[in-house]
Amino acid sequence: MISKSRIGVRVRRLRAGYLSSVRARFHGRRDADGLRELLADAFAGSAPSDESLPPYVLGLRAQVRHSTARLRSRTLARHRALHVRIQSESVRVVTRYTEPVDPAPAALARFGESVGEWRTAAAVCRQQAQQLADEANQLLACYWDAAWARARKDDQVSGRRPTGWLPGEIALDGTWARLDDGLLSDRWYVPDAPGRDADPSAVAQALHILDHQSARGRSGPARHGDASNGVRR
């Protein structure tokens, strides 16, 4: 059992320890007879579709999806006060850097400190999610090794399991690569929402200012009509 004590998430039966590996190999040997066609196709060089994956593999993938979603939800809940602060500070930053008034470096610095705190928390969450995916993939490797070995014993395939052949391999989706999307509510769950950048929120605008002001700030604040800064007028 994996204990994620920092954010209160507990994930069962995913840790690639000795007993879990033994269970994965047991399932692989047990399922081998029903995987003859799949393994024969793999030996011929083809990869199975998701629809043809066995229940053990689909179950592991479902566990990882559920567990990483809980990691994400608990991270958002634990940092609710930080979210509220960032929302408030973003309005001040956008107002001072997009209106014809003097910029406010102190406000931008406070906003940057809050965003940095969030990015650290989100990075920890992403690392934990990646750990879950890696552990599940280790169990998948044990499962397919055992299934392949049983099929080889029955002369259905020969040699060792092809390197890199891991049907059902688990990878984090693209939303995990964008830590700031956690500050934009639904964007952390919808990687390519239609029109997501059509009308950016104050937080999205302030994040853009924060990430670009260090270079642009030397020559003055962002101005109205600057189409390159991506900030709503």
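Helix H3 covers residues 55–78, 24 residues in total, and spans 34 Å from its first C-alpha to its last, close to the 34 Å expected at 1.5 Å a residue. The expected span of a helix is 1.5 Å times one less than its number of residues. Helices (H or I, at least four residues) and strands (E, at least two) are DSSP runs, numbered from the N terminus. The model is predicted: local features need pLDDT of at least 70, side-chain atom pairs count only at pLDDT 80 or more, and totals for chains, interfaces and linings use all residues. Residues are numbered from 1 along each chain as its sequence is written, and side-chain values use heavy atoms, with hydrogens and water left out.

Buried residues of H3 include Tyr56, Val57, Leu60, Arg61 and Val64; further along the helix, Ser67, Thr68, Leu71, Arg72 and Thr75 are buried too. Here buried means under 20% relative accessible area, exposed over 50%, and partly exposed in between (1.4 Å probe, protein chains only). An α-helix has 3.6 residues a turn, so residues three or four places apart point the same way.

**Aromatic pairs**

Four aromatic pairs occur in the structure. Rings of Phe, Tyr and Trp (its six-membered ring) pair if their centres lie within 6.5 Å; planes under 30 degrees apart count as stacked, over 60 as edge-to-face and the rest as tilted. Tyrosine 56 and tyrosine 143 are stacked, 4.8 Å centre to centre with 10° between the planes. Because tyrosine 56 lies in helix H3 and tyrosine 143 in helix H5, this pair ties together parts 87 residues apart in sequence. Tyrosine 56 is buried at 17% relative accessibility, and tyrosine 143 is buried at 0%. Tryptophan 144 and tryptophan 165 form an edge-to-face pair, 5.2 Å centre to centre with 70° between the planes. Tryptophan 144 is in helix H5 and tryptophan 165 in the loop between H5 and H6, 21 residues apart. Both count as buried, tryptophan 144 at 0% relative accessibility and tryptophan 165 at 9%. Ring pairs join Tyr56, Tyr143, Trp144, Trp148 and Trp165 into a cluster.

**Salt bridges**

The structure has seven salt bridges, each a side-chain nitrogen of Lys or Arg within 4 Å of a carboxyl oxygen of Asp or Glu. The table gives some of them.

| Salt bridge | N to O distance |
|---|---|
| Arginine 119 and aspartate 180 | 2.6 Å |
| Arginine 119 and aspartate 211 | 3.2 Å |
| Aspartate 145 and arginine 161 | 2.6 Å |

Aspartate 145 lies in helix H5 and arginine 161 in the loop between H5 and H6, 16 residues apart. Aspartate 145 is partly exposed at 28% relative accessibility.

Arg119, Asp180 and Asp211 belong to a network of salt bridges. Arginine 119 is partly exposed, with a relative accessible area of 26%, aspartate 180 is buried at 17%, and aspartate 211 is partly exposed at 41%.

**Surface and cysteines**

On the surface, Tyr18, Leu19 and Val22 form a nonpolar patch with about 360 Å² of accessible area together. Patches are made of residues with over 30% relative accessible area and no salt bridge; like charges are joined within 9 Å, nonpolar side chains (Val, Leu, Ile, Met, Phe, Trp, Tyr) within 5 Å. Accessible areas come from the Shrake-Rupley method with a 1.4 Å probe; for residues, only the protein chains shown count as cover. Leucine 19 lies in helix H1 (residues 18–31) and is exposed, with a relative accessible area of 58%.

The count of disulfides is zero, a disulfide being a pair of cysteine sulfur atoms within 2.5 Å. Cysteine 125 is buried at 1% relative accessibility, and cysteine 142 is buried at 11%.
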